[in-house]
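Work through the exercises below with the model open beside you. Try each task before you read its solution.

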Amino acid sequence: MASATQMQSEQYARLKEVIEEKKKIRNPLIEILRSAQEIFGYLPVEVQEFIAQELDIPANKIYGVVTFYNFFSMTPRGKYTLNVCMGTACFVKGAPHLVQMLSNQLGIQMGETTQDGLFTMSAVRCVGACSLAPVFVIGEDTYGRIDSKDKIAEIVQRYH
Ligand code: FES
C-alpha cells in the first residue's frame, strides 16, 4: 500500500501535469483549481501555494477565488455530501428545522464534515422534488417529508 507521503507526491505530480496542460488556455485558474480539488478532495493552503508558485501569481489571488466560489472547499469533504434543499417550497415546509435536526444528529453545522469523514452537509437550491418538501439528498438518494429525528437517525445509519 502506498504511504501517505508517496500518495501526496503522486498527487502533486498529477497537479503539476494538469497545470502544465491548462497553462495553455486563457484564464486557466478556475480549471486548475477544479482539477486540484478532484485530485486532493479539497484545496488546503499548501495546494493553493503550490499553484500560485507554478503560475507565478500571488497566493492571495488564489485564496480570493477559492473563497468566492462555494464549489471550492478548503476543508476535507466527507465521503457523502448531504445536500439540504433550501428552495422556496422546502424552506416554507420547514427546511431550517430539518437542518437543525440533521445538525443535532450529525454533530456538525452547515458546510462542515463529520468527524468520521462520512458526511459533509451543504445547502442547495431546488432539486426538483418540491412535492416532497422539505427534502435532502445524499448521492442519488432523495429523502422527503422527514419530520422526526428517529427517521433521520435511521437514514444516516444506512450509510455507515
Ligand atoms: S424547493 Fe426543495 S425540492 Fe424544490
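This is a predicted model: local features need pLDDT of at least 70, side-chain atom pairs count only at pLDDT 80 or more; totals for chains, interfaces and linings use all residues.

Residues are numbered from 1 along each chain as its sequence is written, and side-chain values use heavy atoms, with hydrogens and water left out.

**Exercise 1. The overall fold**

Task: Determine how many helices and strands the protein has, and in what pattern they follow along the sequence.

Solution. Start with the rule: helices (H or I, at least four residues) and strands (E, at least two) are DSSP runs, numbered from the N terminus. The protein has seven helices and four strands. Along the sequence they follow the pattern α-α-α-α-β-α-α-β-β-β-α. Next, take the dimensions. The C-alpha trace spans about 50 × 40 × 25 Å along its principal axes. Last, take burial. Buried means under 20% relative accessible area, exposed over 50%, and partly exposed in between (1.4 Å probe, protein chains only). Of the 160 residues, 38% count as buried.

**Exercise 2. Two helix pairs**

Task: Find the packing angle of α3 and α4, then that of α6 and α7, and classify each pair.

Solution. Axes are lines fitted to C-alpha atoms, for helices over the stretch in contact, and angles run from 0 to 180 degrees between N-to-C directions. Helix α3 covers residues 45-55 and packs on α4 at about 125 degrees, with the axes 8 Å apart. Helices α6 and α7 pack at about 55 degrees, with their axes 10 Å apart.

Now classify. Angles under 35 degrees count as roughly parallel, over 145 as roughly antiparallel, 65 to 115 as roughly perpendicular, and the rest as oblique. So α3 and α4 are oblique to each other. Likewise, α6 and α7 are oblique to each other.

Then the handedness. A crossing is left-handed if the near helix is turned anticlockwise from the far one by less than a right angle, and right-handed if clockwise. The crossing of α3 and α4 is right-handed. That of α6 and α7 is right-handed too.

Finish with the residues of α3. Buried ones include Val-47, Phe-50, Ile-51 and Leu-55. Glu-54 is also buried.

**Exercise 3. Backbone details**

Task: Locate the residues with positive phi that are not glycines, Asp-56 and Arg-145, and the cis peptide bond from Ala-133 to Pro-134.

Solution. Go to the end of α3. Asp-56 follows this helix, in the loop between α3 and α4. Its phi is positive, about 60 degrees. Asp-56 is exposed, at a relative accessible area of 70%.

Move on to Arg-145. Its phi is about 50 degrees. Arg-145 sits in the loop between β4 (141-144) and α7 (149-158).

Then check the proline. Omega from Ala-133 to Pro-134 is near -5 degrees, and the bond is cis. Pro-134 belongs to the loop between β2 (119-124) and β3 (135-138).

**Exercise 4. Salt bridges**

Task: Count the salt bridges, and explain which parts the pair Glu-54 and Lys-16 ties together.

Solution. Apply the rule: a side-chain nitrogen of Lys or Arg within 4 Å of a carboxyl oxygen of Asp or Glu. The count comes to six. Glu-54 and Lys-16 form one of them, at 3.1 Å from N to O. Glu-54 lies in α3 and Lys-16 in α1 (residues 4-22), so the pair ties together parts that are 38 residues apart in sequence. Lys-16 is partly exposed, at 38% relative accessibility.

Take another pair. Glu-31 and Lys-22 form a salt bridge, with their closest N and O atoms 3.5 Å apart. Glu-31 is partly exposed at 34%.

Then examine Lys-151 and Asp-147, which meet at 3.4 Å, N to O. Lys-151 is partly exposed at 36%, while Asp-147 is exposed at 57%.

**Exercise 5. A surface patch**

Task: Identify which residues make the nonpolar surface patch of about 320 Å².

Solution. Patches are made of residues with over 30% relative accessible area and no salt bridge: like charges are joined within 9 Å, nonpolar side chains (Val, Leu, Ile, Met, Phe, Trp, Tyr) within 5 Å. Accessible areas come from the Shrake-Rupley method with a 1.4 Å probe; for residues, only the protein chains shown count as cover. The patch is made by Phe-68, Tyr-69 and Phe-71. Phe-71 lies in the loop between α4 (59-68) and β1 (80-85). Phe-71 is partly exposed, at 35%.
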